[in-house]
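Please have the sequence and the structure open as you read.

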Amino acid sequence: MDYYLEETKNINNKPNFARVLELELADVIRFTEENHRPPRLLLHSCCAPCSSAVLEYISEYFEITDMYYNPNISPESEFRFRESELKRLIDEMSFKNKVEFLQAPYDPESFYAMAKGHENDKEGGERCFMCYEMRMRKAGEYAKEHGYDYFTTTLSISPMKSSAKLNEIGHKLSMELEIPYLYSDFKKKNGYKRSIELSKEHDLYRQNYCGCVFSKRDSGSIE
C-alpha cells in the first residue's frame, strides 16, 4: 500500500491521505471478494465522538474490533465515562459488518513514565507525538498477536491532530510489527463534520480537552 503514498503526492511532495484511503479501500473490496470475508481491522479509538464517523465509514469494508486504549486520560472517572459512551455508541449504531468493543487496561503509570521530562511540552508537540505512538503501538501489537489484517486509529479525524504525523507513526509501526497499517485522514471529506452530526444524534459527551492532565491544564479546564 505504500506505493499509494507516492502516487497521491501533491506539488509540495505531500501525500493526500484521504485519497490513499480510497485506494486502499478498493484493495479491501478485492480482498473481500477473493477471501469471501471482510478483512479484520483493529481500530484504536480515543472516544465516542471521534469513533462515530470513522465506524460509520469503514465498517462498510471491515470487521472491526474497536480498542479503547488511552492511559493518558485523567482522572479515571473521565476515562470510565468516555469508555461507557463508546460502548453505548457501538450498541446504538447499525453496521454492515461486525463491530465489537475491546477494553484495554487503564494504566496511567505507563503514560506518566512516557511523558517524564516532557511535562512542559507545548500541546500538539513532542509529548503528544509520543502519546500517539504509545497508543497506536498497543493497537498494532494486539492486531499482530491476534491475526488481524490491518490496524489503524481514529485520531486523524481530529482537526487538532496532524494526519501526516499519525501516518508517519503508523508506517513506522507497520514496518516494525509487519502488519498493514490503514493510512487515513478521517477529518477530510466532511468526516469531522459528520462526527459532530452523529454526536448530536446520539447525544454523545464531547470533552473539552484531549485527555491528559497536561492538555487539561493547557485548555484552561482545571477547576
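A residue counts as exposed when its relative accessible area is over 50%, and as buried when that area is under 20%. The model here is a predicted one. By that cut-off Lys 189 is exposed, because its relative accessibility is 61%. Asp 203 is exposed too, since its relative accessible area is 63%.

Both residues also deserve a look at the backbone. Lys 189 is not a glycine, yet its phi is positive, near 55°. You will find Lys 189 in the loop that links α7 (163–177) and α8 (191–201). Asp 203, again not a glycine, has a positive phi of about 55°, and sits in the loop between α8 and α9 (213–219).

| Residue | Phi | Relative accessibility |
|---|---|---|
| Lys 189 | near 55° | 61% |
| Asp 203 | about 55° | 63% |

Another backbone feature involves a proline. Ser 74 and Pro 75 are joined by a cis peptide bond, with omega about 0°. Pro 75 belongs to the loop between β2 (63–68) and α4 (76–92).

Which residues touch the most other members of the largest nonpolar core? They are Leu 42, Phe 62, Ile 64 and Phe 151, in a core of 62 residues. Helix α6 (residues 126–145) supplies the largest share of this core, with 7 residues. In soluble globular proteins, nonpolar side chains tend to be buried together.

Setting aside neighbours within four places in sequence, its contacts include Thr 65, Met 67, Leu 102, Ala 139, Tyr 142 and Phe 151.

How values were computed:
Residues are numbered from 1 along each chain as its sequence is written. This is a predicted model: local features need pLDDT of at least 70, side-chain atom pairs count only at pLDDT 80 or more; totals for chains, interfaces and linings use all residues. Side-chain values use heavy atoms; hydrogens and water are left out. Helices (H or I, at least four residues) and strands (E, at least two) are DSSP runs, numbered from the N terminus. Buried means under 20% relative accessible area, exposed over 50%, partly exposed in between (1.4 Å probe, protein chains only). A nonpolar core is a set of buried Ala, Val, Leu, Ile, Met, Phe, Trp, Tyr and Cys residues joined through side-chain atoms within 4.5 Å. Contact means heavy atoms within 4.5 Å.
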